[in-house]
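Please view the sequence and the structure together before reading on.

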Amino acid sequence: MNASSPKSKNPVRKAAVAGLVGAAGLAAASSAGLIGRPEAPRGPRRVLITGAASGFGLELAKLFIARGDHVIATDLHDAANEAVAKLGDNCTYRKLDVTSDEDWAAAASEVGAVDVLVLNAGIAVGGAIENVSMDTWHRALEINLLGAVRGCRAFVPLLPRGAQIVMTASSAGLVHAFKMSTYNATKAAVVALAETVDFELRDRGITTSAICPQFFRSNLASSLSGDDAEADDFARTLLTKAPLTAAEVAERAMRGIDARRQVITPDRGATVSWYFKRFARPLYLTVMRRAGEDPQRLGKLLGR
């Protein structure tokens, strides 16, 4: 046995030496158990999803139900809307305001243990830092970030060994475009929360994933605050003319959920932009700074 062999048996050292860059790094991280591996879901499972009455949350609910899982779909409506009602007998609806401690306590008490907790509810916010009001900042933090925090605090004590937590973040939580400071900050905090909770709960075999898609077609534009009309108009264009639908992104995200990946980038744009920032940072900074100096340039790049 040579002198270097004890070091090579340390999986963290092995991944670190490889640098987690390129095929060698990914292979090392996978063999070390640092990257999620596909695992057949053990069903039927109980899945609670917030913000499940429309958009991405609804599409995730459909996919879980198609597998035979039972979904507790939650949203702000007093009763299930038509889309949720069509999900069938494997879906139960309950009203849940993610900003309410009382609603979360009641859900934990009445629903009990779940196998998958999907913290999906969120709103979109656009605008320059000087234009977004403090009321909008507080609302975005309450829904996008503290909604997930409350969900974890209510349900983590109830989760069985091997359960999963899934948080809907955004590529904006990884790559931070200008005139999106509120949204970027809340979604970056969700990514940090997911990573931290994933580490904390590993001793119970519980994994946490953050889904970080780029723009896709959804009704998220309806939640824009109106604080910055120009930025809202730009965001509305991106959210209504994006090439991918919520259903397509949900289907791709499910593969990452099954693999128990910590960060899930379910589309090419999200993956490329994140890797661009991580591995070509000087060039990334140049591009983003020039875009900030000339916003029309970014619009042209995005086909607007």
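Does Tyr275 count as buried, partly exposed or exposed? Tyr275 counts as partly exposed, because its relative accessibility is 34%; buried means under 20% relative accessible area, exposed over 50%, and partly exposed in between, with a 1.4 Å probe and protein chains only. The model is predicted, and local features need pLDDT of at least 70, side-chain atom pairs count only at pLDDT 80 or more, while totals for chains, interfaces and linings use all residues. Residues are numbered from 1 along each chain as its sequence is written, and side-chain values use heavy atoms, with hydrogens and water left out.

**Aromatic pairs**

Rings of Phe, Tyr and Trp (its six-membered ring) pair if their centres lie within 6.5 Å; planes under 30 degrees apart count as stacked, over 60 as edge-to-face and the rest as tilted. By this rule there are five aromatic pairs. Two of them are set out below.

| Pair | Centre to centre | Angle of planes | Class |
|---|---|---|---|
| Trp104 and Phe155 | 6.1 Å | 80° | edge-to-face |
| Tyr275 and Phe279 | 5.4 Å | 80° | edge-to-face |

Trp104 belongs to helix H6 (residues 101-111) and Phe155 to helix H7 (residues 134-155), so their pair ties together parts that are 51 residues apart in sequence. Helices (H or I, at least four residues) and strands (E, at least two) are DSSP runs, numbered from the N terminus. Trp104 and Phe155 are both buried. Tyr275 and Phe279, by contrast, both lie in helix H11 (residues 268-279), four residues apart, about one turn of the helix. Phe279 is partly exposed, with a relative accessible area of 40%.

Trp274, Tyr275 and Phe279 are linked into a cluster by ring pairs. Arg278 lies over the face of Trp274, 4.4 Å from the ring centre, and its charged end also sits over the ring of Tyr275, at 5.3 Å from the centre. A charge sits over a ring if NZ of Lys or CZ of Arg is within 6 Å of the ring centre and within 35 degrees of the ring normal.

**Nonpolar cores**

A nonpolar core is a set of buried Ala, Val, Leu, Ile, Met, Phe, Trp, Tyr and Cys residues joined through side-chain atoms within 4.5 Å. The largest has 42 residues, and those with the most contacts inside it are Val114, Leu119, Phe155, Ile165 and Met167. H7 gives the largest share of this core, eight residues. Contact means heavy atoms within 4.5 Å; beyond four places in sequence, the contacts of Leu119 include Trp104, Ile165 and Met167.

Strand S6 (residues 207-211) is mostly covered, five of its five residues being buried. Thr207, Ser209 and Ile211 point one way from S6, and Thr208 and Ala210 the other way. Two strands pair if DSSP finds at least two bridges between them. Strand S5 (residues 164-168) pairs with S6 in the parallel sense over five bridges, and Met167 has Ala210 as its bridge partner in S6. From S5 the chain crosses through helix H8 (residues 181-200) to S6, in a right-handed β-α-β crossover; right-handed means that, with the strands pointing away from the viewer, the path from the first strand over the helix to the second runs clockwise.

S6 is also joined to strand S7 (residues 263-264) by two bridges, and the two run parallel. Ala210 stands opposite Val263 in S7. Ile264, which lies in S7, is buried, with a relative accessible area of 3%. Among the residues that Ile264 touches beyond four places in sequence are Ser209, Ala210 and Ile211.
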